[in-house]
Amino acid sequence: MSLGDHLRELRRRLVISLIAIIIGAAIGWWQYDWIFEKLVAPIKDVAAERGAQIATVNFTGMTDAFSILITVGLFVGVVLASPVWLYQIWGFIVPGLTSREKRTAVFFIGAAAPLFLAGCVLGYVTLPKAAHALLSFTPEDATNILPADTYLNFVLKFIMAFGLAFLLPVFLVGLNAAGVLPARVMLKGWRPAVFLIFLFAAMMTPSPDPWSMIFLAVPMVALFFAAVGIGALLDRRRAKRDVSAAWRNLPDDQASPI
């Protein structure tokens, strides 16, 4: 495939992904009031627990409400359209799939979309703890006046970080299934992988409390080792099918079994 064909293929997949995201965004705009209430619920819960108006979400400009409506709708569109754009990513990375690779692609999407959504749900569940930890530093007689755009950008990035983090094992298994990343290579680099996972969690959770980082990093580490285990099983199955595996790594001066 020429460079021009690759670019046209990329454009086609981007257009498909954007159409799916816009359709999902329309649903987000339709349910905007309900979604907005759910996103600001952690602030209200902290205020109710403290028995005071410790924090309020405010629109500071005339255009803030409209821009936040667009932002929240697009975020919902990205979440709802995740099966589509994930499939487009995989299809572009591994073009010209064989029948067996197509089955791998089905597995990829079947695992990636639920994991991405599960990560977003975990991020939303963890959000109240992060809000409570951050607002706990506010003196009792003080009030946090939170600009709505600043607060919602924090919330959406927080949730999206969890969703994207949960895609790590799927891409590892996908690369292993494509024969690019053997399980032994993944296992050999488990120490730097765990370090990078905690570093990623610290960078992607925009709150200074350690709990948010731990809630993100621990499932990622578990999913990493699960990906190594699945990759080892796939490597073993490939070795049984490949008759040359028994002699491929033999020394040059040793005769092969065949």
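Okay, quick one to start: which residue just after α7 takes a positive phi? That would be Gly179, with a phi of about 80°. Keep in mind as I go through this that we're looking at a predicted model.

So, the overall layout. The protein has ten helices and two strands. Reading from the N terminus, the order goes α-α-β-α-α-α-β-α-α-α-α-α. There are 258 residues, and 38% of them count as buried. If you take contacts between residues at least 6 apart in sequence, 82% of those join residues at least 24 apart.

Now the inside. The largest nonpolar core has 55 residues, and the members touching the most others are Leu39 and Val72. Helix α6, residues 148-165, puts in the largest share of this core, with eleven residues.

Leaving out residues up to four places away in sequence, Val72 touches Tyr32, Ile35, Leu39, Leu152 and Leu156. So which buried residues does Val72 sit among in α3? The list there is Asp64, Ile68, Val72, Gly73, Phe75, Val76, Gly77 and Val79. A reminder that helps when you read that list: an α-helix has 3.6 residues a turn, so residues three or four places apart point the same way. As for its geometry, α3 covers residues 64-80, 17 residues in total, and spans 24 Å from first C-alpha to last, close to the 24 Å expected at 1.5 Å a residue.

Last stop, the surface. There's a nonpolar patch of about 440 Å² there, made by Phe198, Trp211, Ile214, Phe215 and Val218. Which helix gives the most to the patch? Helix α10, residues 210-241, with four residues. Ile214 is found in that helix. And is Ile214 buried, exposed or partly exposed? With a relative accessible area of 31%, Ile214 comes out as partly exposed, because that label covers whatever falls between under 20% for buried and over 50% for exposed.

That's my tour: a core where Leu39 and Val72 touch the most other members, and a nonpolar patch with α10 as its main contributor.

Notes
Residues numbered from 1 in each chain as written. Predicted model: local features only at pLDDT ≥ 70, side-chain atom pairs only at ≥ 80, totals over all residues. Heavy atoms only, no water. Patch = residues over 30% accessible without salt bridge, like charges linked within 9 Å, V, L, I, M, F, W, Y side chains within 5 Å. Areas by Shrake-Rupley, 256 points an atom, 1.4 Å probe, with all protein chains shown as cover. Salt bridge = Lys/Arg side-chain N within 4 Å of Asp/Glu carboxyl O. Buried < 20%, exposed > 50% of the residue type's maximum accessible area, 1.4 Å probe, protein only. Expected span 1.5 Å × (residues − 1). Core = buried A, V, L, I, M, F, W, Y, C linked by side-chain atoms within 4.5 Å. Contact = heavy atoms within 4.5 Å.
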